[in-house]
Amino acid sequence: MQDEMLLIAPQAASAIAQWLWLIPVAPIVASGIAALLKQPRRQLASSLAIGSLSLSLFLSLIAFGHIVAAWAANAPTREVVNFTWIEVGSQSVDLGWVLDPLSAIMLVMVSFVGLLIFIYSIGYMEHDENFTRFFCFLSLFAGAMLGVVIANSLLLLFMCWEIVGLTSYLLIGFWYHKPSAAAAARKAFVTTRVGDIFFLLGMVWLFAQTGTLLFYNDGEGSLESGALANLLAHPAALGLTAAGAIGLLIFCGAVGKSGQLPLHVWLPDAMEGPTPVSALIHAATMVAAGVYLIARVYPLMQAGAVFHGLAPGSTPALAVVTWVGAITAIFAALIAIAQDDIKRILAYSTVSQLGYMMAGLGMGGVAVGMFHLITHAFFKALLFLGAGSVIHGTHEEQDIRRMGGLKADMPVTFATYTIGMLALCGFPLLFSGFWSKDGILEAAKHWSVTRTPFYLLVFGALLTAFYMTRQVAYVFFGYWRGRRQAHESPRVMTRPLMILAFFSILLGFIGTPAWPWFQKFLSSPAAGAEMRGFHEPGLLLLMTTSSIVVLAGIVLGAWIYGWRSPSPDEPDVLEQSARPIWRVLRGKFFVDEFYGATVIAFFWWWGRVADWLDRRIWGGAVAAVTWMFAAWARLNRFLDTNWVDGAFDKGCDELSSGGGLLSRVQTGRVQTYLRLLALGVILLAVILLWSSRA
Amino acid sequence: MNGFPILTAIILVPIAGAAVALFAGKHARGVALLTALIGLVLSLVVWMHLPADGSIGMVERAAWAPSLSIEYHLGADGLGGLMLVLSAIVTLMSVDAAHRVHRQPGLYFALVLLLEAGLFGSFTALNFFHWFLFWELSLIPAFFLIKLWGGARRGAAATQFFVYTMAGSVALLVCFLALFVATHSMDFGNLAWLASTGALAAMVNAHLGHVMMWLAVGVLAGFAVKVPLMPLHTWLPAAYAEAPSPVTMLLTGGMSKMGVYGLLRIAVPIFAPQIASMRTPLLVLAVITVVMGAWAAAAQRDLKRVFAYSSVNHLGYCLLGIFALAVPAAGAGAASQAAALNGVILQMFNHGLTAAAIFWFIAMIQERSGGERWIDDFGGLRKPAPVLCGLMGIALFSSLGLPGLNGFVGEFLIFRGVFPLSWISATFSVLGLLVTAVVILTVILKVFNGPLNEKWASFPDLHHGERLALVPVIGLMILLGLVPQLIVNTVNPTVEALLANWRF
């Protein structure tokens, strides 16, 4: 095995890059050990998980520092380590990992947010009987997710991607005895797999066309100029080049994983899982993997534009990414207005924000989308953990209409939640969400194709501010409408909230127009996005506009919901004023119902058709043939008994009873078969003898 | 192998074991276990000593009936060797799983070992007559195992199974007799060589007229029944469902591979141009097998029928790969052919291992449930039996094609190879992956998850012996998922050798 694992390192990778594999492998090993632990070993299981992820974080920080240092020194910022996984024919299937600014930033984010959520989980899952199993799955998730991040091969990325999907499935269905959780788990896996089968096709196409699935390999990789030129030279259907078509197929995978329209339906249901899972997997990291994937294969997506000297973001593939993102952003934000479950509101908000990221990638490039991904990871994890703290403190209550006035009972949760909410709304200047969302709006405003996404996204910002204000007003203001009095959560839960709140503010400042460190760090020449500083004409106007929009949303929300504390049974204010619209939003545009009546109904109906074909048509044909044979046999027997003497039968009887052991099977039928067999042998012998003489 | 006739030995061992087991009474299972273990060791020895260039090695050749061109001719390459190992593993699993045979254990285990001998023989024989004996030899024990130890409707199932495969065998026999009449040869290697030079078609035309195409159809049909290819599969669900689960393990793990093996060793080399000219209809049937097999599985309520159809679906990928590569190709196309063929052979092994494991788990569930196996009758089994559900879950996800487990690699390589050769059939076939996911997750949802059905509140979990027996199987799934090169290393040279000799 050692021979196969020989490392091919064209440009000598640094020791840090050589050992990068430890980052995902450490949690996976911890998960493997935890899988073998008995349930009572709770302490050990959580320590293993947290210890291994701490190691990953430590190594990630070193790797990050290494890349920043290289970048600051104008040294090459991409190191890859590749190896051959299998050899088929004369071609090899290679895997590998890559350390570059993109993966370095993601590594730090995933392991850091993950670690905080792991710690929080000790408190949140304290009373769960499957505590050990929980940390086993969580570690496996972290390892696979880190694997997605460092993969330098589309195949390795896909493999880790699927394992991430598995852990998501296992964790959504963690409380498997609940039918809703079990169903949500299956829905999540199947829906994402719809995207993944297209992803698989895109991958095998890319492999067949370029002969490699490595992203970077010293000029030979599939994202490097040689392969891209090859892909652009091959036209596919619908006026797309092979590059565009493959890019879109891969994007289908991202649509599934990142909950974009039309495959968003699984993500809100995924909230059936424990809240730390929602925070880690379904808000901060896994659902962002789709965005990360597109950022990773960005050279493929924008190949046409670069080669033909067009504006970045104008290739058909990126236009599709943009439109899907922008429509998802507004679609999910509209739904979020009319939901009452604290986690579902956040889930739709996540879908919406992922749409922003996709649109940002499509119009503005890697840095724009990734910046929002990183800031969102922190404030959305914060919001989910805050929601978990609320649920924990209110004795498993999730309906925001049955809460209220929690700002007094849960001061730490309230303060941190508000920070997260303001960051998500994009409250001006102080919060990270403002800067990252502004980057997207800025790119949308300058998009060469059309301004429509810009207006959609601005309207989405208004909606975001509105539904978050509604939620905060219901949960923290007014008077308590629940049953048992709420209490603040333990420190092991509130400390991570504080840390996340701190970063939800701080992170904005690494990507402001005044000091766009993040954008510069991520922008390789290929990324194509040009930097705009404060001096850019129109930028201040844009920032003012977006600030006004956000403030308008907050004021509107506060005006409608802030000074009232409606009883849980009273209809929502919006419901009273605009009933039909409310119904549609509340019913999530009835997408689930639509799928249920079409795709899913067809699925089971077609299954029954397949079964019916099998039993009636194919089985019927066989039955007909059998019947004909039986009829022939009856005729034969008639002739036999009447005209031919029984000598042959007798011989066969002897044959079968001579079998001794088998003679128990005197059903008559078996004799027929043996007779058939004997006949065959005799026939064979006769023909053989005859032909050998000839 | 220093002249030791190991391939003869590997066939004789189970036959001898069968003779002993027959009279061993209640010790029969022990005898069978020991025999199967020796078989596994021998097959691994063969596997380790295969020629590095992928050619057929360990050849044993002796005249048998020279006037009829019948020879005793054995040999193994990466393909045959892998199938030997698979048969040995599956037999061992099956014997281990069958610890509740109370009625005539001697006869039962003797038949199982005879079946193993049939598998070993047909994976090593290189002369038609000789091969055909083993092909039929494996059929008879399978028939009696279903007929005597099967479920309630075993009679009809066994009959259907027998008549169906017998019809396939008759087709094979007739076709090869025709070839013999034309060429005076029954040697696969010789026939393939004649085919690759184009002489075979000329000889057949001279002796029998323009029947080459019909011969190809007959041979394909003979193998298609065994694999099976839709619509020649209707014997399978009944046979798999009515056979005792350990026998189903042998049927799906071992016997279904005889069909795919036959295509690769016999049908494609000898009838390559004919298969190439029938490629489109064959691909359509393969796609139907993949997609409709999975979909039919979705409609089943009986656990064993679910996985019977799922087996049809999984072997459909093998057929897809084989038919897709039946096209003249060079350069990039040749690379795709190599990928597809490697994928097919890996899929054969991986499906055998995984499907046998799944039916093993079903056997364990049936033992505990008193024979019940309707998916709607269960629910929440994770609660009383977490280890059973966890380990079976791994096998199920391997069947679903989860990366990191063995099932993924073969499917990936098949799609990698098929897509450039026939993108339409690849595109339709990925639907099978999706439907399979629904099928398997539905089984998990209904059987493992949900509220615990009170009937199973004291459902026993796996005991230590069972866990111990399963560890190597599950371990192998993970190992081959992570390091498939362990197999590909030996299979790939054979793939190249095979492809070099096929003239489509």
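The legends below describe close-up views of a predicted model.

**View 1. Overall form of chain B.** Chain B is built from 19 helices and two strands. Its radius of gyration is 22 Å, close to the 23 Å that the globule rule gives for 504 residues, so chain B is as compact as a globular protein of that length. Along the principal axes, the C-alpha atoms of chain B fill a box of roughly 70 × 55 × 40 Å. Of the 504 residues of this chain, 66% count as buried. Among contacts in chain B between residues at least 6 apart in sequence, 80% join residues at least 24 apart.

**View 2. The contact between chain A and chain B.** In this contact, 51 residues of chain A touch 56 residues of chain B. On the chain A side, two or more residues each come from strand 2 (79–88), helix 6 (154–172), helix 7 (179–210), helix 27 (591–643) and helix 29 (669–693). Helix 7 of chain A gives the most to this side, with 15 residues. By class, the chain A residues that touch chain B divide into 33 nonpolar, nine polar and nine charged.

**View 3. Packing of helix 4 against helix 22 in chain A.** Helix 4 (residues 101–124) and helix 22 (residues 491–506) of chain A pack at an angle of about 155 degrees, and their axes are 7 Å apart. Angles over 145 degrees count as roughly antiparallel, which makes helix 4 of chain A roughly antiparallel to helix 22 of chain A. The crossing of helix 4 of chain A with helix 22 of chain A is left-handed. From helix 4 of chain A, the residues in contact are A:Leu116, A:Ile119, A:Tyr120, A:Ile122, A:Gly123 and A:Tyr124; they meet A:Val492, A:Met493, A:Pro496, A:Ile499 and A:Leu500 in helix 22 of chain A. This contact has ten nonpolar residues, one polar residue and no charged residues.

**View 4. Helix 10 of chain B and its surroundings.** Helix 10 (residues 235–242) of chain B is largely enclosed by the rest of the structure, because eight of its eight residues are buried. These buried residues are B:Trp235, B:Leu236, B:Pro237, B:Ala238, B:Ala239, B:Tyr240, B:Ala241 and B:Glu242. They pack against helix 5 (128–149), helix 6 (154–183), helix 11 (245–277) and helix 13 (303–324) of chain B. In the loop between helix 9 (212–226) and helix 10 of chain B lies B:Pro231. A cis peptide bond joins B:Met230 to B:Pro231, with omega of about 5 degrees.

View 5. Most residues other than glycine have a negative phi, and most peptide bonds are trans. The peptide bond from A:Leu261 to A:Pro262 is cis, with omega near 0 degrees. A:Pro262 sits in the loop between helix 9 (242–257) and helix 10 (266–269) of chain A. The positive phi belongs to A:Asp218, a residue other than glycine, and is near 60 degrees. A:Asp218 is in the loop between helix 7 and helix 8 (225–233) of chain A. This aspartate counts as partly exposed, with 13 C-beta neighbours inside 10 Å.

**View 6. A positive phi in a strand of chain B.** B:Met58 is part of strand 1 (residues 57–65) of chain B. Its phi is positive, about 55 degrees, although B:Met58 is not a glycine. B:Met58 is buried, with 23 other C-beta atoms within 10 Å.

Methods
Residues numbered from 1 in each chain as written. Chains lettered and ligands numbered in written order. Predicted model: local features only at pLDDT ≥ 70, side-chain atom pairs only at ≥ 80, totals over all residues. Axes fitted to C-alpha atoms, helices over the stretch in contact; angles between N-to-C directions. Helix = DSSP H or I, 4+ residues; strand = E, 2+ residues; numbered from the N terminus. Parallel < 35°, antiparallel > 145°, perpendicular 65-115°, else oblique. Left-handed = near helix turned anticlockwise from the far one by under 90°. Contact = placed C-beta atoms within 7 Å. Nonpolar A, V, L, I, M, F, W, Y, C, P; charged D, E, K, R; others polar. Rg over C-alpha atoms; globule rule 2.2 N^0.38 Å. Buried ≥ 20, exposed ≤ 12 C-beta atoms within 10 Å, placed from the backbone.
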